[in-house]
Every structure is written in C-alpha cells, then in structure tokens.
Amino acid sequence: MKKYYLYSIIILLFFSTLSQSLFSQSQKEKNRAINDYFETIYKDTSEVIFVAREKINSNETLKIFGLNDIMIIDAAGNGKGDDTLYDKKDFEIMKAKYKNKCLQGKRIWCKDDFWKKDNFRFEKVVLESMNTDKGIELMVEKYNRGDIEVYGFSEPIYYQNNKYVVFTVHKLLIGAAKTIIVIMKKVKYKWIVTHKGSTNVLN
C-alpha cells in the first residue's frame, strides 16, 4: 500500500512538472511571436517604444477573426483577400478554449492580465496603463508630447492545432487608433506573418 501511494505521488509530481514545462515553453513561443512581429515594425531594438501594460482581451481577437475579413500577406508585405484560412470547426475550438480568459476592464483592455518588460526583447519598452478614463491623453500630459504612439497586444492564442498564433495589435495615437489581428506561422525557428485581419473600421 505504501508503495502504491509513493508511485502515485511520483506520477503526480512528474505530470505537474511536465505541465509547468510545457506551459513555460508555450509562453516563450508566444513572446517570441510578439517580438518577431514587433521587429517588422521597429528595426532598432534600442528605440523607446510605448506599450500598453494591460493585455488586450482575447475576446477582441476572436471577434475580429470571426468576421473572416482576412488577408494573406506575401513576402513583400502586400495583402490580398483570403477566405480559406477561416474554418468554422477550428474557429469554434479556438473560441471555446480562449473566450473570456481575463476580466474585462475599460474598453478592450484586461483588468487582471499584464505584460512585463521581460516579455519583450526591446531594451527600452515603456509600459503604461491604458485601463484608465483618459488613456493615451494621460501619457501625452505625463511626457509632454503629442506624437506618442502606443502599441497594445493581446495574449497570442493558437489556431489549427498550434499551427498558427493569432493576436490583436492595437495602435493608438491622439485622435486615432487602429485594431487588427496578426496571424503568424513558425518557419525555420522564426514566426512569420502570414495573414492579417481587421474590422475595416478605424476606432
């Protein structure tokens, strides 16, 4: 009987350790995808970049993906419509897994899920809260600058059995904002943008 309990404890510890290891690897891959995308925008990793501290609610990603307004992106960065990536069955699996993963804050922001500086490869990422009544206007006052750009990201989520990662990118300026989803696939150890999707609306 003692041996039975001992084996049970060993098995539980093994699976617990394995689960934690897989989660850690998954999180690293998600961070790598965000950074690989970020480097398509900013080539200079020492540049000061403002990022929203709060993650964007993954419900926003699911909402935009579900509209199926998706463009395939070629190597030159050009896009054309693609209605083959969206599969209702795969989408429903993704939706069931990732819907309502964080508490809703103001607008599109999570209330309880945050980015940390070490999630990013950029040396001078500045994290600022967007989950406020004034949002970017508070930053303009704080830094006394009217040209501030803030990027917001949702937690990347997997699509089609981990073949793709999908996440929302929200670019915010004074008086304007644009929200898209980015879809990436890993090619030779690097995440490459294959598709983008949007609501076709400037928010």
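Me: Among contacts in the protein between residues at least 6 apart in sequence, what percentage join residues at least 24 apart?

Reply: The structure is a predicted model, and its secondary structure comprises four helices and eleven strands. When the contacts between residues at least 6 apart in sequence are taken together, the share that joins residues at least 24 apart is 64%.

Me: Is V125 buried or exposed, and what is its relative accessibility?

Reply: V125 is found in strand β6, which covers residues 125-128, and, leaving aside residues up to four places away in sequence, V125 touches I49, V51, K117 and F120. Because a residue counts as buried when its relative accessible area is under 20%, V125 falls in the buried class, its value being 1%.

Me: How far apart are the C-alpha atoms of V125 and F50?

Reply: These two residues lie 75 residues apart along the chain. In the folded model, however, the C-alpha atoms of V125 and F50 are separated by 5.9 Å.

Me: Which cysteines form a disulfide, and what is the handedness of the link?

Reply: The count comes to one disulfide, and its partners, C102 and C110, have their sulfur atoms 2.0 Å apart. Both C102 and C110 are buried. With an angle of -80 degrees about the S-S bond, the link of C102 and C110 is left-handed.

Me: Which residue has a side-chain oxygen that reaches the backbone nitrogen of N59 at the start of α2?

Reply: Helix α2 spans residues 58-66, and its buried residues are S58, E60, T61, L62, I64 and F65. After the helix comes N68, whose phi is positive, near 55 degrees. At the start of α2, the backbone nitrogen of N59 has within 2.9 Å a side-chain oxygen, and the residue that supplies this oxygen is N57.

Me: How many bridges pair β9 with strand β10?

Reply: Strand β9, residues 164-173, is mostly covered, with eight of its ten residues buried. Strand β7 pairs with β9 in the antiparallel sense over four bridges, while strand β8 is joined to β9, also antiparallel, by three bridges. Between β9 and strand β10, which spans residues 176-187, the pairing is antiparallel and the number of bridges is ten.

Me: Which residue takes a positive phi in the hairpin of β9 and β10?

Reply: Where these strands pair, L173 stands opposite A176 in β10. The hairpin has two residues between the strands, and the residue with a positive phi, near 85 degrees, is G175.

Technical notes. Residues numbered from 1 in each chain as written. Predicted model: local features only at pLDDT ≥ 70, side-chain atom pairs only at ≥ 80, totals over all residues. Heavy atoms only, no water. Buried < 20%, exposed > 50% of the residue type's maximum accessible area, 1.4 Å probe, protein only. Contact = heavy atoms within 4.5 Å. Disulfide = S-S within 2.5 Å. Polar contact = N/O pair within 3.5 Å; in protein donor to acceptor, adjacent residues only side chain to side chain. Pairing = 2+ DSSP bridges.
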